[in-house]
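Thanks for coming, everyone. Please have a look at the model on the screen, and then I'll walk you through a few contacts.

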Amino acid sequence: MSSSATVGADLLAKSIDFNGSGVVHSFWELTVNGLTYGAIYALVAVGYTLVYGVLRLINFAHSEIFMLGMFGTYVGLELLGFTGRADAYHQGVVLTVCYLGVAMLIGMAVSGVAAVGLERVAYRPLRKRGAKPLAFLITAIGMSFVIQEFVHYALPKLTGNKLGGTNAQTNIRLVEPTTQFTIGGARIDNVSIVIVVAAVLLAVGTEMFINRSKFGRSIRAVAQDPDTATLMGVSRERVIMLTFLIGGLLAGAAALLYTLLRPAGTIVFNGGFLLGIKAFSAAVLGGIGNLRGALLGGLLLGVIEQYGQMFFGNQWKDVVAYALLVLVLMFRPTGILGESLGRARA
């Protein structure tokens with residue numbers, strides 16, 4: 001080994017904490033935090049996996065749909081009377097839940113409309129022209145930047161500098177985290193409970209819709225064989241629009257939950273990028289095209305990310321998650337649960 005390689009290895013080793021005792025000591029706390037973050041990853045991952053299952057498209061602009069949802073929830077909270085200086089809401093649990101529900105619906109509406117608009121403006125014209133898959137991929141990346149820059153430069157001018165721009169929106173903490181009970185010494189607060197329960201209910205509801213409803217059957221039919229589905233009377237364009245709408249609605253719901261978990265510094269023009277990449281990784285980890293895989297991948301990614309952060313140090317948090325993803329794909333390229341929506345194509 002050369003001297004430069006030896007020096008590099010030494011520097012790398014010194015930058016890692018190897019805090020195994022910390023992982024053991026804080027196991028339950030790390031697990032709870034991981035599940036909380038993972039639930040949000042899973043909701044966003046469902047959007048990636050639905051679009052891939054139907055169109056075989058990696059919609060990299062989905063992270064910006066999530067970002068627009070965060071702005072939607074912010075506007076919703078302001079319309080409800082909350083200001084940037086609000087720290088907590090003390091008018092009772094029922095009213096707080098109502099406000100959360102209204103803000104979530106506004107965020108979902110913004111993300112849903114944005115997702116459908118993205119499909120109409122960017123992807124539908126390409127389909128009509130029979131574009132190659134690479135054109136869709138490049139368009140997705142391009143639209144991701146277009147949406148970011150719109151919020152960065154255009155939105156402030158349209159709103160009198162109240163929204164968008166370089167700086168994050170002012171912090172609004174709607175719910176103050178309060179410990180409800182403990183598990184293995186880990187404190188479970190109300191915010192974590194709301195996030196995990198809401199994410200699981202939305203994910204399960206989406207799976208039931210896909211598996212048991214008429215529209216859900218149409219989505220599965222187009223995912224498995226679009227030509228035969230069209231011959232059987234299924235409107236492919238309507239199914240694609242519905243798929244984007246569902247993914248956008250879930251991204252908007254995840255945006256409200258993420259704002260609850262991290263109220264400061266998240267609502268900004270590039271605030272969806274990193275979370276979107278992690279959600280995409282979660283979808284691939286669980287098996288992209290598989291709704292249950294998206295949920296499993298999100299939860300696993302969140303938990304392992306927390307373990308890695310404690311074991312290797314904060315600076316390695318993201319690296320550990322992606323290293324795990326690479327390892328899984330090396331031995332199981334279709335992810336842990338494999339593909340389901342488009343399985344008939346394989």
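First, a term: buried means under 20% relative accessible area, exposed means over 50%, and partly exposed is in between, with a 1.4 Å probe and protein chains only. By that rule Glu 207 is buried, with a relative accessible area of 14%.

Some ground rules. This is a predicted model, so to speak of local features we need pLDDT of at least 70, side-chain atom pairs count only at pLDDT 80 or more, and totals for chains, interfaces and linings use all residues. Residues are numbered from 1 along each chain as its sequence is written, and side-chain values use heavy atoms, with hydrogens and water left out.

Now, salt bridges. I call it a salt bridge when a side-chain nitrogen of Lys or Arg is within 4 Å of a carboxyl oxygen of Asp or Glu. How many salt bridges does this rule give? The count is 6.

Stay with Glu 207. Its salt-bridge partner is Arg 292, and the closest N and O atoms are 2.5 Å apart. This pair links distant parts of the chain: Glu 207 sits in helix H7 (residues 190–212), Arg 292 in helix H12 (residues 291–312), 85 residues apart. A word on those labels: helices (H or I, at least four residues) and strands (E, at least two) are DSSP runs, numbered from the N terminus. Buried or exposed, what is Arg 292? Arg 292 is exposed, at 56% relative accessibility.

Next pair. Arg 127 forms a salt bridge with Glu 237, with 2.5 Å between the closest N and O atoms. Why does this pair tie together parts that are 110 residues apart in sequence? Because Arg 127 lies in helix H5 (residues 93–128) and Glu 237 in helix H10 (residues 236–261). Arg 127 is buried, at 13% relative accessible area. Glu 237 is partly exposed, at 30%.

Glu 305 is in helix H12 and Lys 278 in helix H11 (residues 273–286), 27 residues apart. Both Glu 305 and Lys 278 are buried. There is also a network: shared partners join Glu 119, Arg 124, Arg 127 and Glu 237 through salt bridges.

On to helix packing. Two packed helices are described by the angle between their axes and the distance between the axes. Here the axes are lines fitted to C-alpha atoms, for helices over the stretch in contact, and angles run from 0 to 180 degrees between N-to-C directions. Helix H4 (residues 62–79) packs with H10 at an angle of about 55°, the axes being 8 Å apart. That makes H4 oblique to H10; angles under 35 degrees count as roughly parallel, over 145 as roughly antiparallel, 65 to 115 as roughly perpendicular and the rest as oblique.

Last, two contacts across the chain. Arg 173 is in the loop between H6 and strand S1 (179–183), and is partly exposed at 23% relative accessibility. Arg 173 and Arg 262 are 89 residues apart in sequence, yet 8.7 Å apart in space, C-alpha to C-alpha. Val 284, in helix H11, is buried at 14% relative accessible area.
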